Amino acid sequence: MSKATAPGKIILFGEHAVVYGRPAIAAPVSQVRATAVVEASDQPGVHLIAPDLGIRTLLDEADEEDAIAAVLRQVQTAVNLPAFPDMSVTVTSQIPIASGLGSGAAITAAAVRALMDFLGLARIATPAWVSALTYEVEKIHHGTPSGIDNTVVAYEQPVYFVRQRPQNQIEPFTVARPLRLLAADTGARSSTKEVVLDVRRQWQAQPERFEALFDGCGVLAKAARRAIETGDEAEVGRLMNQNHQLLQEMTVSSPELDGLVAVAQAAGALGAKMSGAGRGGNLIALVTAETETAARRALLAAGAKSVLTSCLKTKSQP
Ligand code: PMV
């Protein structure tokens, strides 16, 4: 039996603009994880089981859109495997789907790792390899993913990311003082693919305006990296508030997100913003040990469906 897990993620700065080559910052959320288990089966065939998604099928009978089947086909091609042995692949996830926490990328990365281990090929499955394969699967579901989700989920550390050719810029950076973040779920689900497509339509209709908005997000992400590296929490919070305003101008926020962002700010958060594709999903709020409880209570009282605490820190920090 082979088992692997992968974390959720939040985008701290630069969602959407990252698709257009501007820098962004994202971090893993290690408390919520996707898990994949691969086991030998005494029944013939490859059995795909995803209770959360209502999937129970054979690989040979899975439709084109099937998320887990896509992972298996990618792995099979990548390692040149003529056929899989009889086995079952079961995936479960604590990460809410379509909520901006990267559930798709986490499920894929966990499944890739468990499969590679089961096939005796774990040594090939480095973070870079897992990230590249996860990206291929993300492309099937999301059209034009920037690559930031698969990177954070596969490396499981905060990254400063720039989408570029021939190779993305992926820089782990130092977090001078660990940052305490709340991720609050509006409960509204939204399709990353559709929101990303809508931003593309708007960019095509108003290229100058959208290029300027993307530039603005890029400037904020760069400044945020400096603030995080120097431990200037107040500045990180201010930059989050500014990034939220730019995302509002891109029309990717929503009344629920705006309402909860305002609630977090009023409850003492140093800053707050939507996170991920938007029009639903999660917002994040930067809090301190002193303001965490009040901000959490206020968010739940205002209708947040759940509030997770996530600590942004360098991998080696306790
Ligand atoms: O909603 P999520 O968690 O899939 O985040 C999407 C982030 C975008 O910048 C909007 C798209 C991308 O591919 O980077």
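**Note on the interface between domain 1 and domain 2**

1. Contact between the domains involves 33 residues of domain 1 and 43 residues of domain 2. The model is predicted. Domain 1 covers 2-172, and domain 2 covers 179-312. Their C-alpha centres are 24 Å apart.

2. Now the buried area. About 3,000 Å² is buried between domain 1 and domain 2. Carbon and sulfur atoms account for 63% of that area. On the domain 1 side, the residues losing the most area to domain 2 are Phe13, His16 and Tyr20. Together these three make up 25% of what that side buries.

3. Next, the charged pairs. Four salt bridges are found across the interface of domain 1 and domain 2. Glu171 pairs with Arg225 in a salt bridge. The closest N and O atoms of Glu171 and Arg225 are 2.5 Å apart.

4. Polar contacts are counted separately. Between domain 1 and domain 2 there are 13 residue pairs in polar contact, with both residues at pLDDT 80 or more.

5. Which elements of domain 1 each supply at least two residues of the side that touches domain 2? They are β1 (2-13), β2 (24-40), α3 (127-142) and β7 (169-172). β2 gives the most, with seven residues.

6. Last, composition. The side of domain 1 that touches domain 2 has 22 nonpolar residues. Eight polar and three charged residues complete the classes on that side.

Definitions and conventions: Residues are numbered from 1 along each chain as its sequence is written. This is a predicted model: local features need pLDDT of at least 70, side-chain atom pairs count only at pLDDT 80 or more; totals for chains, interfaces and linings use all residues. Side-chain values use heavy atoms; hydrogens and water are left out. Domain bounds come from an automatic or database domain assignment. Contact means heavy atoms within 4.5 Å. Buried area is the accessible area (1.4 Å probe) that two parts lose on being put together, summed over both. A salt bridge is a side-chain nitrogen of Lys or Arg within 4 Å of a carboxyl oxygen of Asp or Glu. A polar contact is a pair of N or O atoms within 3.5 Å; within protein, one must be able to donate a hydrogen and the other to accept it, and residues adjacent in sequence count only if both atoms are side-chain atoms. Helices (H or I, at least four residues) and strands (E, at least two) are DSSP runs, numbered from the N terminus. Ala, Val, Leu, Ile, Met, Phe, Trp, Tyr, Cys and Pro count as nonpolar, Asp, Glu, Lys and Arg as charged, and the others, Gly among them, as polar.
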